[in-house]
Each structure stands twice: as structure tokens, then as C-alpha cells.
Amino acid sequence: MRSVSGDKLRFCIDRGGTFTDVYAEIPGQTDGRVLKLLSVDPSNYDDAPVEGIRRILEEFTGEKIPRASKIPTDKIEWIRMGTTVATNALLERKGERIALCVTQGFHDLLQIGNQARPYIFDLTVSKPSNLYEEVIEVDERVELVRDSRENLGSSALIKGVSGELVKVVRPLKEEVLKPLLKGLLEKGISCLAIVLMHSYTYPQHEIAVEKLAVSLGFKHVSLSSALTPMVRAVPRGLTASVDAYLTPVIKEYLSGFMSKFDEELEKLNVLFMQSDGGLAPENRFSGHKAVLSGPAGGVVGYSQTLFGLETEKPLIGFDMGGTSTDVSRYAGSYEQVLETQIAGSIIQAPQLDINTVAAGGGSKLKFQFGAFRVGPESVGAHPGPVCYRKGGELAVTDANLILGYVIPDYFPSIFGPNEDQPLDIKATREEFEKLAIQINSYRKSQDPSVKGMTVEEIAMGFVNVANETMCRPIRQLTEMKGHETRNHALACFGGAGPQHACSIARSLGMKEVFIHRFCGILSAYGMGLADVVEEAQEPYSAVYGPESVLEASRRDANLLKQVKQKLQEQGFRDGNITTETYLNLRYEGTDTSIMVKEQKTEDGVKSDYDVEFVKMFQQEYGFKLENRNILICDVRVRGVGVTNILKPQAMQFVSGNPKVESYYKVYFGNEWKDAPLFKLENLGYGHIIPGPAIIMNGNSTVIVEPNCKAIITKYGNVKIEIESASSGTKIAEKVADVVLLSIFNHRFMGIAEQMGRTLQRTSISTNIKERLDFSCALFGPDGGLVANAPHVPVHLGAMSSTVKWQINYWGDNLTEGDVLVTNHPRAGGSHLPDITVVTPVFDNGKLVFFVASRGHHAEIGGITPGSMPPFSKSIWEEGAAIKAFKLVEKGNFQEEGIVKLLKFPSSDKLEHKIPGTRRLQDNLSDLRAQVAANQRGISLIKELIEQYGLDTVQGYMTFVQLNAEEAVREMLKTVGTRVSSQSIGVQDSKSVTIEEEDYMDDGSVIHLKLTIDSDKGEANFDFNGTSPEVYGNWNAPEAVTAAAVIYCLRCLVNVDIPLNQGCLAPVKIHIPTGSFLSPSDKAAVVGGNVLTSQRITDVVLTAFQACACSQGCMNNLTFGDDTFGYYETIGGGSGAGPTWDGTSGIQCHMTNTRMTDPEIFEQRYPVFLHKFGLRGNSGGGGQHKGGDGLVREIEFKRPVVVSILSERRVHAPRGLNGGKHGARGANYLITNDKRIVNLGGKNTIEVQAGEILQILTPGGGGWGCP
């Protein structure tokens, strides 16, 4: 790099969505110049970063620089910038017009994605729009050759980049492609994203398409194989789409920015911040690496100035802005992820692990169903909070203003029609007074003797709820990686963060908070601390061993040469270049890969990657896999050009008392206190300020709460030491405190979520770890559900039956250290693969709670591998059935007993010997993971009891259930009134009765008589008239019907209420004993959970007139032989509603599991995927059209046994209110002699090599007359 000149300025700039922050180092000045500008202010300037540079240059030189003239560069040494241009274009869908080129047969690959819906209770199934306008299917196909012996002597075999063998099945036909590309240009589309199957290892076809496109005149082409050469077509294709969509926008912006400077700009060092925390020159700054540009600067800023200098504790970065809060972690090295989702688009590229929470200063405040709610909706910058004088709504900023946490005297007067007025505290108070009337009226209706809440108490309540909303994801971020949150320090920055820092740290059990002296512009300051980064990566597929490590070393040597050359071209000498080598490793049979950095001992000896991998895997997941191959997936090299530009300045120690600027009244706890206000610029190293106090840091307000003290550090930052919270809060009233109610809702749900994180982290099976087929919950001592983390809807509320059954069975025979296991339908189970582990929670010897986790085990025995037999007629054919067993007794794991139950299922017919589990070690590992998840829940419950006291915690256990009950009652009153007004069903003065029914494919009927009392807000679900138990496996235990009802009610409420027993309190469910919704304990039930649950949902939602029927099936496919097994559920069309079209190719209602990526599918199993796409026109027509189903065509490369368990092959998904029915599904086998054989809805067949299974999933019903 060039030497630092003494007479030139250095600029660090963060162009944010609302404000642009500029930090400039001025020659001869120890303190930098800080400037804040509106990012968009067209009446005053064209570009905020240019304007910031112009103004500071004018100040420094004393010479006027007209806005119309070019900026002189002779006084500038370098410019570093982060920008949200890419992020905003992605969020607002204002990128370039692009088209997608994809392998023939995969037209809809990126639209389908992983087929999971973003929000499981959203009946509209809102998905982000596609970035591309057009799709071109390229006539080409490359096949992975898994076994070269099948192709002996074939000259067509090619060794791919990854070392895998491939065969070109269909060469690229350029003559067919050329007119299609020309057609795009004629439509005005000149940017292209290309993703072809297996291009990560065979990129030649993508390169050929790019060459052709460029020759025709396309201005930008993004190749998936060049951007992220990693296996998995969907994220690679989405990354290419993002890059093609954003790069032209960024290039246009950068070109405009650079054009504002004089011709000497080329000699300047101008660099841009990437998502991975490294800098890149303009010509290497591309769309897919730019979306976290601004937030990355903040992470670099706090990590490089606080860790090691101010504290040795790992740091949690807390960047609270107007609409959202960014949370990150730093413990000596940047934590990176290779894949993230932003604005609905998956981006596969190295980037800092930054989690965004939908809570910020602009989060809306609401009082709903007797509880305080903060967000997730935001008031935005326009109109903004009430205090902005634009007619906005109450937000967190308003609450902070009421409490004195925001000081109008120190806030810019930029409001009102002439943009010269201060924040409007009068209007804010008036809005809070209106809200106080509503809140106190509600509270009086619950308890006439209750004292009214003041405006201040209400504002404080909302701030407390907002803090808890932000604490929840921070706990998840740390705990899911195996770290204790309390062992961290909080690094707080952003405009609003320092107002909340003390409260959040205290809630998280942290003892230290650091607020950087440049906290308001830390993202900009971080630009000056970052290094220039170049990366290179290539796929390499091999089993880890001496030979493969040698080959990996050869590959990384080539990649190192590439990145060093790129850095040398930018002026870096070898002494300023450091490099890091990584191998992307995973255990065989899992999808969980970890990027492992090469480690060296103190004497320079390299340590083995596999040793480091096992250590990292155990840290993150809590276990290691014995006797399991480790696989290499990728080789990656990171080159760093070290810049050493900005250095934190140490300050001189000062003595004497700090200067108090003035005193302000601030509300803490439940009273106003006089708090001294200090200006940070007037404070020095060594000053100690006890709370309560206010420290103004530019425009940022630092609140030092009572019982805390602020210390000004050697580097001019604010360190706040936190005292522990007092424990033992008591219930003072007969009714719930409306603030604590919201906080406990968050805390209970947070416990269930963290249990889920622990289970996902410590489990071994793909079903739990990757497909997320599990649920965790906590229950009261009576077995009533308190909170259920919503993972798989079919588990919702169903576990309460399980826990209650166990309570009745064991009675008083439960002690601390016991853990129960069960999966039998008669014991509250769903189907046998779903094993539930229940742990009682004791406090001082008293049973106070239960925690439970339910996970889908891929194998528990039975007549077919995978334990999902299509033709089971009795439960004993489906595997091990456990009603009650102590998996752990008084702390001792009963391995012998559980092994016996799993290996030797009991049969009621002695002549039948039913196979036991075929994957015993996986079962035991996952059961231990479930025990660990429950243990995590217990420790969190005990923390809660320690903080608030048992009486309060159990009191609010009841209150949250009553709160959910009220929400459901209000919904039922509203729905009852609406249904009455539409003259649907039979009515009397108080209630309305609707009858609805639908059929299973065998003709069995589900009949529902739904009676809604709109006065009381109650409903009776009477399933009398439902067909008897069937001689098949689509019988559904009662728990499945309860889960379907609670799911439907939660969808209809459409508010984020906790999922607990209260949801069912206003509801009666009557199921006739002996029907196939309440079968005997001998009945086969494996299909009830996955098929019948969907039909019950359709019947209930149709009765409520909520939406048309969705595909009504999970399309369960299993195949395998003695060496392997595979299981998937396939999406279809969702039903249309009164204001929305159905969504195509999506998991519907009672499931939300993910689809295996097509490239992984072919890499790991003996299959060739001919087609995976939408089934055109299969959605029912109507005013609103139903979603289309899917088409999946799988060719098997060797003989296997295939089982399909599906519905809606006879009775179509119905439309509603005149809408047309969706198309029925179908399952076909295309044999080697070209016969097409209809397999029906349920079948098991032996398939020969070369035969093709074609599955057509149903479409959704339409809504309204076309």
C-alpha cells in the first residue's frame, strides 16, 4: 500500500437507508470529523457520500467547491464506503430486469425453493416475488456417475472440478438456445442468471451459455458456478439471480459516484465494504457480496476496537436502528456463514453472521387481547412515530420520549412543515393518554378494584416488552452455538441501542456493556478498520484421508496463488498479505457441513483438519459421531491485505469530577428521578458516573440506570457495569399485569424455542436436524400446554394429551431425574415414528411443570424400511409402540430397556415376527438429544423461577393461557358475526351452525357440525357422522384432530398469540369413539398423521369459509433397499381465499418440512431427476385461482423398493364460493418397455433400474366464480 501522507484526508462512509454517516481523519487533528446527512435529499444534493466529502473538504481547505463542479482529489488519500444500495434494491424489488437460464425440466426450480412456506399460520402463504421476469430452459443435462462400474468402458465419463465423475447425457444445443436469448433482448432484458444442474463440478455448459449471451449483446451474465462453486442448485441459482439483479444497479451507482471526482481519482485508493467484513475495489464489488455492506462495517468497528483492548469477554454486537436491530457475535475471529436469507432470497457466499430482528425505534406499540405488543410492524421513517409531527402511530421512540430517555433539547429540530421544530412530546403524551383509557378500561373490566396505569407506567411497560422482544433472538444466537449468553459483554451501537443497553444486559445476565465513542457512526468508522479481502473456492468431493488431504493441499496452493496475485495487483506487498485455508467438512450421512480453518501450533506445525472438525462439531452440536467417515465438500482460501489504517487513540487519565451540563427528569422503575446529563466530549479517561445518569454521545442518548455505573475507558468509550436484577417479584393483583403478561409470553415461548434449538443442535438424524420435523413445548403440572414452539403444525397442542396420559398413568410415581418416553396413539401420540420424551420439572421437591419434545425418527421398525408402510392394517405392523416407559430413572439412562422395546416390537399375533428398528444407534442418539432439549428447558424454567419466584411464574402460566383463550374468543365472536351476516348455515338468536364434510379416497367421510356462539365466543366441533375405523392406516388418533383444530384457530386469529391450552378453552371437540378419528389401540395410524390431518384441516377451514381446500395430502414417498432408505414429503397447491390466489408448489397446512436439493438428491442416492416443476393449470379456477401442484419424475439407477402414501387421487380439492376444484393427484410408473402404469394413491412396488416414477401432486381449490 502507498505510504500515509501527512496532508491528506481519509474518509470512511456508511450510506444507510435513512442517514449517511461520514467519519474523516483530518491532518493535524487527533479527533476525526463526524458528519451525518440524510441519504436522500434531492432538493439539496444528488448523492450524500459525495456531499459529505465536499463539505469536509471545504472546511479543511477553506475553498468553496460548487456542487456542480468535480470534487478535487489532490487532498484525499483514500475513501472507504459501505452502502445499502444493494440491500434497498433487493427489499424494494428495484433491481435490474433479468432472466434465468436453467436446465430443461427445472423451469420452476427457484420458485419452488425448498418448498417450505415462510410463515406456517399465514393462509395466504405470502412468498417474496421472483427476481427474474423470464425463464429459459436450456436443452442440456449432466449426470453424476455414483458408481463408475456401471459405466465401464464408457469414454463419455469426465472428471469434474470436484473430483466426481460426470457424464454429459445431453450436450448443450446452442442453435436451439440462440433464438431464445435473442427473444429476451427484444423484450428489453439484457441481464442473465445461469444455473445448470451440477455446474459446480462441470461448469463448461454455463461458460458456453455465457459466451453465447455476451456475443449476442447481454450486458451482464452471472454464472452460478463462478459465484459459488458448491453443490446445491437452489441456493446457487438464487445467488446467481441476486447477483444478476443487483450488480448492474451497484455498478451504475458506483459509476455515478466515481464520476463526481476529477480525473485524478484513478490514483486514489477507493474501496467498498463487502458482506464478509472485507473491502474490495470498485471493479470487484458485486451484488451478491454487497447486501450486508453497512452492518458488516459495524461488526468490524466494535470487534476491532473493543475485543482485546477493553475486554477479554466475547462480545454480542447490538446495533439498534429505526426499523430493525442487528445482532452478531465476536470472540476473537469473525463468525461467518456461507448461506443466509435476505428479503426472501437465499445468498450463498461468505458473509458475517448477522441476525436481524424486526424490532427497533420505529416498532409499533399496540394493546391487543389484554396484552402489550411491540412490532413486528414498523411505523417506518414516514410518517414515523407520533413525535415526528407527521401524523404517525405510537412507536418505541415515543415511549422513550415519554420516559425521558430521548432528550428533545439534544435531538435535531428537523420536524414540522418547515423542518425546524423539535420532537412533539405533547402529541405523544396525548396519544398515550388515549391508549391509557383503553388499557385501564380493559383492566377495570377484569378487576374493578385495580388501580389505573399512568402514561409513564404504560410507556415503561412497552419499553420492557420491546427489550424482551430483542433479548429472545440474542439468547438463541448464543445458545444455539453452545455458548452461555451471560458470559458475554454487550457491545451497543446504533442510534437507539444505548437507551436500552442496561435493561437488555440485565435481562440477559450480562455484567458489562460497552458503548463505543462513535456508536452513532460505528459502521462508518469500521470501514477504516477493515482489511482488503480476496476469496477463492472450488468444490472437492472426497472421503477425508491422507490421499484426499494431499489433493486438497494441491488445490489450496493453486487458490492461494490466485488470491495473492489479486492482492498484489492492488498494491499489497507480500509482507502485508496473510492467507487462511479452509476445508468444508461434514459427516457422511448428514447435511451439516462446517468450514474448518487450517490451524497451526505455536511452533508452526499444521494440525489435522479432521481433529479440528470433530472439536468444532462437538462444541456446536454437543456430540461427535463415532465410526463415521468425514467428507470433504469444498476447498476455500481467504487472502487478507492488511491495511493498518485507523488505530484507536489512547487518552490521558483525568482527575476531578466530570462536568454536569444540566439535570433532566427520567423515569426509572415506577418513579421520576433527577438525572445529571453529561456530554461525552467533556468526559475523560477515568471518570466514573453512577446511575441514574444520561450521557449524550452526539445524537445518541446513553441511559445509565440506577444501580449501574458508567466508566470512561482509556480509549474514550463508555463501559457500564451492571448490577444483577433483584429476584422474587410477587403477584400483586388477582388479574394479570398487562406488561408482565407480554414478557412471560415471550419468556415461555423463548424456552420452547431454545429447547428446539438444543434438539436441532444435538440430534443426529436428517429428519430432525435438517427437515426440522420436531416440536418442543412446556406444560403446567396438570399437563395443560403453556407454550409450543411452532415447528410442525401437526404436533400443535397434540402433546398435551400425551403429557396428561402420562400423569394419569404414573400418578405419584414420578421423581426428580425421571424422563418418560412414549409414542403410542392411545397414549396421546400421533403416529409411531413421532417419539415423545417427557420430563417432569421439580422445584424443592414439588412437581411444578413438564417439558416435552417430539421428534420424527426415520426408523422404528415395522414391515417396511422407513416405518411408513402404505399397506399396514394393524399398529404392530408399523413398528415399536411404547405407551409408557421411564427412559431415564432417577438420573440413570435405561439403555437396556429402551433397546429391547425398539428392537423387539410386540405383536398381538405371535406367528408374525415384526422387524425392530433398523437404525438403533440413530434412535438412541436422537432420544439422548431429546433428553438434552428437555434438560435445557428445565434449566431455563429454573432461571425464571429464581428471577420471579415460583408463585409468579405459575401465576403467569395460567394468565398466558387465559390470554390465548381471550384471543380465540374474540376471533370466534367476529367469525360468528360474519358467518351470520352471510346467512351461511342454520342460525338462531345467539349461534350459527354449519355442517361440512369431505371424503378420503376410500370413501370414508369426515363430517363436522360446527356451532359458533358469537355472544360467548365459543365453538363446538362435533364430528358425529364420521366413518368408522378403517382397515387401513389412515386412522387418526384424537390428538391429530385436536392439532388440526388448534392450527386452524391460530390461522384465523392471525395474531402472534402463544400456542397453549387456552386456545382450546372456548372450544369443545366431540369425536365419536370407534370412528377413524378415534380408532382402537390396535388400529394402524401411520397415514392419519400425514394424510387425514390434512383433510380435517380442509373441512374445518371450509366450515369457517376461510379458504378453499389445499392439496390435502403430504405425498409421502419412501424408497430404498438393504443399504439405504430415503423419505420425503412433496408439496402441492394451496387453496385460494377471498382476497388471494393460492400458492403453487408449497407445503400446505399440517406440514412444513423441506425438500432435498436436486443435486444433493442425485449425489447421495441412485436416482436421476428428469423433472421437478409446477404442474401447470392444476389449481382450481375462480375469481382467485388455486395454487398449482408439482410434477416430480425420478428415474432409479438400480433396483429399489418404492412406497407411496398419498391422498386426493380420487376426490379433488374443492373450490369455495363458486371456485373450481383443484386437479386430483396421480402416481405413475413408466416401465422400461414404456408402459405407463397407474399406481393409485397407496402402493409399494419393486422398481427396476431405468424405470421412472412420476408423481403429480394435487392443486388447490379456487375461490369465487371465475
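Mentor: The largest nonpolar core has 139 residues, a nonpolar core being a set of buried Ala, Val, Leu, Ile, Met, Phe, Trp, Tyr and Cys residues joined through side-chain atoms within 4.5 Å. Here buried means under 20% relative accessible area, exposed means over 50%, and partly exposed lies in between (1.4 Å probe, protein chains only). The residues with the most contacts inside this core are Phe372, Phe432, Ile720, Phe748 and Leu778. Helix H11, residues 455-479, gives the most to this core, with 12 residues; helices (H or I, at least four residues) and strands (E, at least two) are DSSP runs numbered from the N terminus. In soluble globular proteins, nonpolar side chains tend to be buried together.

Two remarks on provenance belong here. This is a predicted model, in which local features need pLDDT of at least 70 and side-chain atom pairs count only at pLDDT 80 or more, while totals for chains, interfaces and linings use all residues. Residues are numbered from 1 along each chain as its sequence is written, and side-chain values use heavy atoms, with hydrogens and water left out.

Leaving aside neighbours within four places in sequence, Phe372 is in contact (heavy atoms within 4.5 Å) with Lys366, Phe367, Ile439, Met453, Ile458, Gly461, Phe462, Val465, Val738, Val739 and Ser742.

Helix H12, residues 497-507, is mostly covered, with 9 of its 11 residues buried. Those buried residues are Gly497, Pro498, Gln499, His500, Ala501, Cys502, Ser503, Ile504 and Ala505. Just after H12, Gly509 takes a positive phi of about 80 degrees.

Ile71 is found in the loop between helix H1 (48-61) and strand E4 (76-83), and counts as buried because its relative accessible area is 1%. With neighbours within four places in sequence left aside, Ile71 is in contact with Val50, Ile53, Arg54, Leu57, Ile65, Ile76, Lys260, Phe261 and Asp262.

Ile835 is found in strand E37, residues 834-843, and is buried, with a relative accessible area of 2%. Not counting residues up to four places away in sequence, Ile835 touches Val821, Thr822, Asn823, Ser853, Arg854, Gly855, His857, Ile860, Leu927 and Gln930. The C-alpha atoms of Ile835 and Leu785, which are 50 residues apart along the chain, are separated by 18 Å.

Val992 is found in strand E42, residues 991-999, and is buried at a relative accessible area of 1%. Its C-alpha atom and that of Thr1011, 19 residues apart along the chain, are separated by 5.7 Å.

Val125 has a positive phi of about 45 degrees although it is not a glycine; its place is in the loop between helix H3 (109-112) and strand E6 (132-138). Val125 is buried, with a relative accessible area of 7%. His198, likewise not a glycine, has a positive phi of about 65 degrees and is found in the loop between strand E10 (191-195) and helix H5 (204-216). His198 counts as buried, at 0% relative accessibility. A cis peptide bond joins Gly691 and Pro692, with omega about 5 degrees, and Pro692 lies in the loop between strand E29 (688-690) and strand E30 (693-697).

The context of the whole chain follows. The secondary structure of the protein comes to 24 helices and 54 strands. Buried residues make up 62% of its 1266 residues. Among contacts between residues at least 6 apart in sequence, 70% join residues at least 24 apart. For 1266 residues a compact globule would have a radius of gyration near 33 Å, and the protein's 31 Å agrees with this; the radius is taken over C-alpha atoms, and the globule rule is 2.2 Å times the number of residues to the power 0.38. Along the principal axes, the C-alpha atoms fill a box of roughly 95 × 85 × 65 Å. The protein exposes about 47,100 Å², of which carbon and sulfur atoms supply 48%, with areas computed by the Shrake-Rupley method using a 1.4 Å probe.
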